[in-house]
Amino acid sequence: MKKQLLSFRDFLKTGKLGPVSPGMTMAEIAAVLGAPEHADPNYWTFGKLEISFDGEAPYQMNWFQIEEAGYLKGDVEVLADGLALSLDGFSGKTKASKFLGVGLWTADQAKVFYAPCDDSILLNICAGPIQMHFRVDADFTGDQNAETYLNSSVISQLIAEIDSRAILDSIYSYPYPKTEMVPGSFNWKLLSGSQYLTLSAGQPTPANGKGARGPL
């Protein structure tokens, strides 16, 4: 495979990673990337690039992800044989607020979901086909568990705290706009991208200035 240098910024804006698009089939991926390093029947890995496929022909892609994205650093990151990513000033330590504040997505595209999970707080940015997963160790909440902290704190304070501590975990790209979180064991709370930016700077929003007691 010919070596390609890809743009992290372009990937986040479009959901496409050079020759890899989230609507491709297994055969199309094999044609552009070759044999995977590891292959389960419906799950292939190429270094940090991991791809999930449907279990029936034509084995359409469900999604692909950059795994262990928190370790992205430097100017260029090699994702897989033949694929390198120009990080464009970002890294695995970049704050969620910076990703939201540099014009990657329009104001109405980006949504931010957060929820407690055991001793952590989950934070996800959904923008078009992209979903960015962050995790926050909740040890800063003292004697409170993550759920109690989220439900009892002033929202401008808790979002500023979350933003300063969130570490990027993985980045997914889907064949369709990923604008909602699947209901389940997590009580997801929702903010628009613009609300999150305001709150991460420690400022209250007119919609929810007193607390974070439920979805906006």
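D118 is exposed in this predicted model, because its relative accessibility is 70%; exposed means over 50% relative accessible area, buried under 20%, and partly exposed in between (1.4 Å probe, protein chains only). The residue lies in the loop between β8 (111-117) and β9 (120-127). Strands are DSSP runs of E with at least two residues, helices runs of H or I with at least four, and both are numbered from the N terminus. Together with D119, D137 and D139, D118 forms a negative surface patch. Patch residues have over 30% relative accessible area and no salt bridge, with like charges joined within 9 Å. A salt bridge places a side-chain nitrogen of Lys or Arg within 4 Å of a carboxyl oxygen of Asp or Glu.

Residues are numbered from 1 along each chain as its sequence is written. The model is predicted, with local features requiring pLDDT of at least 70 and side-chain atom pairs pLDDT 80 or more, while totals for chains, interfaces and linings use all residues; side-chain values use heavy atoms, without hydrogens and water.

Y176 sits in the loop between β11 (167-173) and β12 (189-192). Its relative accessibility is 41%, so Y176 counts as partly exposed. Beyond its neighbours within four places in sequence, Y176 contacts G128 and P129 (heavy atoms within 4.5 Å). P22 is 154 residues away along the chain, yet the two C-alpha atoms are 8.3 Å apart.

K13 belongs to helix α1 (residues 8-14). K13 is partly exposed, at 43% relative accessible area. Apart from neighbours within four places in sequence, K13 touches L104 and W105. Its C-alpha lies 8.8 Å from that of P129, across a sequence separation of 116 residues.

Notes. Patches are made of residues with over 30% relative accessible area and no salt bridge: like charges are joined within 9 Å, nonpolar side chains (Val, Leu, Ile, Met, Phe, Trp, Tyr) within 5 Å. Accessible areas come from the Shrake-Rupley method with a 1.4 Å probe; for residues, only the protein chains shown count as cover. Lys and Arg count as positive and Asp and Glu as negative; His and the chain ends are not counted. The place of a charge is taken as NZ of Lys, CZ of Arg, CG of Asp or CD of Glu.
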